[in-house]
Amino acid sequence: MPPIRLTRSLLGTFQTASPRSTATLKQRCCYHSSQYSQPPPFAPAESAILSAAISHVPNVGFTIDALKLGARDAGYLDASTNLFPRGVFDLINYHLVTQRLALKDTVQFPTEGENGKKLGTGVKIRTLALARLRANEPVVHKWQEALAIMAQPTYVPPSLAELARLSDEMWYLAGDKSVDGSWYTKRASLSAIYSATEVFMTQDTSRNFVDTEQFLDARLSDGMKLGSTFGALSAWTDYTVHSAVNVLRSKGMRI
Amino acid sequence: MATPILSPIRTLSRNAPRPQFLVATVSASRRALHNTPSPKATTTDIAPPATSPSNKPTTTTPSTPLTQPQKDFLDSALRVNQAGELAAVLIYTAQTPPLLRSHPHLRPLMKHMHDQEAGHFTYFNSLLHKHRIRPTAMYPIWHVAASALGWGTAIMGREAAMACTEAVETEIGSHYNEQVRVLLDWADKMERKGETLGEELMGLIGELRRIRDEELEHLDHAVENDSKEARPYELLTNVIRGGCRTAIWISEKV
C-alpha cells in the first residue's frame, strides 16, 4: 500500500463517524408500506456524480480518482467530491445500495400457478444471490479494494448494516413470511453465505464464474442441512417434553 | 360504546349453547371496568369518535408520507403487539390443560379466549411481514416466559389463573388504548390540515379497537371467574403487570 493511501486510511480510521453515516444507520428501520412512495436513496447531484463515477471503476478502481472523473463527467468541479465526506466509501455504498434496490427489478419470479408448480424459497434465494453477485461482475477485479475499504473500522458498522439490508431484501423478495425467531437466524446465515461467496468470487478465474456458482450452492446446502437439523432437533425436544408431561398427567400428577 | 364489547359475545352465543360464563356479562363488564386499578382502560372510549373517516369514502391514499418518528412509532408498536399476542396465545395454551383438569366447565371459555388471541396473533404476523418490521429479538425468551407464566398460574388454581388473565389483559388493554389514541391524534391533525391518514392506517385503528375490546372482554370473564379471590391477589397481579410493562418496554427497543 503506498504511503499516501496508508495515511489516508489511518486518518479515516480515526475520523469520527460523520453525521451521514448515522443517518444511514437510522434509515435501516422501518415501517415499509406500498401506500407511500419510497424517497430516492440519493440526492440528484450525488446520484449524478456517483453513477458517473461507477462507470470509471473498472479502469481506475475504487479510488478518489474515479470520484473526480465522475464529477467531471457529470459537469461538476473536481472539488465537488467534497459532497462525499466518506470519500471512496460513499462510492462503494452507492454501488451496494443501488444494486440492492435493483434486485427487485432484475429478478422476476413467475407468478404461482403459471407453470403448475411453485418455486421453493431455497431456489428463489439462490437465484437472488446469484443475481446480486452477477451485478458485481463489471467491478469484480477491483472488488478486493472495496472489501478492504469496507473492512476499515469506521466503515465496518455501515457495511454490516448494508449487508443486513441486502439479506433482508433477498428474504423479502423470496416471499419468506416467517416473523419469529428464525427471522434472525435466516438473515444471519444468508449474510454469512453471501459475503463468503462474494470474497470467493474475487478470486474466481473460471469461465462465467462457474466455480462461484458451485461454491454458493455448496454453502446454501450446508445452511439448509444445518437449518433442518436444528428444526428436527427442536421438533423432537418439543415432542418429548410434551409426551413426558402427558405421561405424568395420566399418572395422576396435577401438572 | 357498549356494542363493540358485546358483539363478539353475541356471535359466540349464537353458535354455542349459552355457556355458564356468559351469564351477567354486561353487569360484569361494568363492574370490571370500574374495579380495574388502571383508569386508562376506559378513557379512549369516551374520547375517540371525534374523527369519523366515514364521511370521506373516497380517501384511500394518504396525502402525505409518514415522518420518521411516525414510522418509528409504528415499527415498535406493531412489534410489541405481535410479541404481546404471542405471549397471550402461549399463556392460554399453557393454562388450559391444568385448569380444565379441575374445572372442566371452563373449556368453552378457554377455547373462546385462546381462539381470539390466535386470530390477533395471525393478524399482527401478517402486518409484520407486510410492513417489513423485524420481530422482537427476545422472541424465544418471551416464548418460554409466557408458557411458564400460564402454566405456573394454572397450577396455583383457577383464581390465580384468572388473576393472571386479569393482570395481563389490563396492561394489554391500556397499551392498545394508547396506540389508538396516538393514531387518532395523527388522523385528527391531518384532518384539520385537510389531509387524510389513508386507508391502511384507518383500517389499523379499526382493528386495534376491535382487538382492544376483545382483550377487555377477556378481562371481564376473568373478573367474573373470581380473579379477585386469588391469594395473594395484590402481589400476584402487581408482579405480572410489572412483568408485562417491562416486556413491552424491552420489545419496543429490541
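**Briefing: chains A and B of a predicted model**

In chain B, residues 24 or more positions apart account for 86% of the contacts with a separation of 6 or more; two residues are in contact if their C-beta atoms, placed from the backbone, lie within 7 Å. This is a predicted model, in which local features need pLDDT of at least 70, side-chain atom pairs count only at pLDDT 80 or more, and totals for chains, interfaces and linings use all residues. Residues are numbered from 1 along each chain as its sequence is written, while chains are lettered from A and ligands numbered from 1 in the order in which they are written.

**Chain B overall**
- Chain B has 9 helices and 0 strands; helices (H or I, at least four residues) and strands (E, at least two) are DSSP runs, numbered from the N terminus.
- Of its 254 residues, 43% count as buried, a class that requires 20 or more other C-beta atoms within 10 Å of the residue's own.

- B:Glu85 lies in helix H4 (residues 68-102) of chain B and counts as buried because it has 23 C-beta neighbours inside 10 Å.
- Apart from neighbours within four places in sequence, B:Glu85 is in contact with B:Glu117, B:His120, B:Phe121 and B:Phe124.
- B:His120 belongs to helix H5 (residues 107-130) of chain B and is buried, with 23 other C-beta atoms within 10 Å.
- With neighbours within four places in sequence again left aside, B:His120 is in contact with B:Glu85 and B:Ile211.

**Interface between chains A and B**
- Contacts link 15 residues of chain A with 24 residues of chain B.
- On the side of chain A that touches chain B, there are 9 nonpolar, 4 polar and 2 charged residues (nonpolar: Ala, Val, Leu, Ile, Met, Phe, Trp, Tyr, Cys and Pro; charged: Asp, Glu, Lys and Arg; polar: the others, Gly among them).

**Helix packing in chain A**
- Helix H7 (residues 121-134) and helix H10 (residues 182-202) of chain A pack at an angle of about 40°, with their axes 11 Å apart; axes are lines fitted to C-alpha atoms, for helices over the stretch in contact, and angles run from 0 to 180 degrees between N-to-C directions.
- A:Ile125, A:Ala129 and A:Leu133 in H7(A) meet A:Leu190, A:Tyr194, A:Thr197, A:Glu198 and A:Met201 in H10(A).
- This contact has 6 nonpolar, 1 polar and 1 charged residues.

Terms used: Buried ≥ 20, exposed ≤ 12 C-beta atoms within 10 Å, placed from the backbone.
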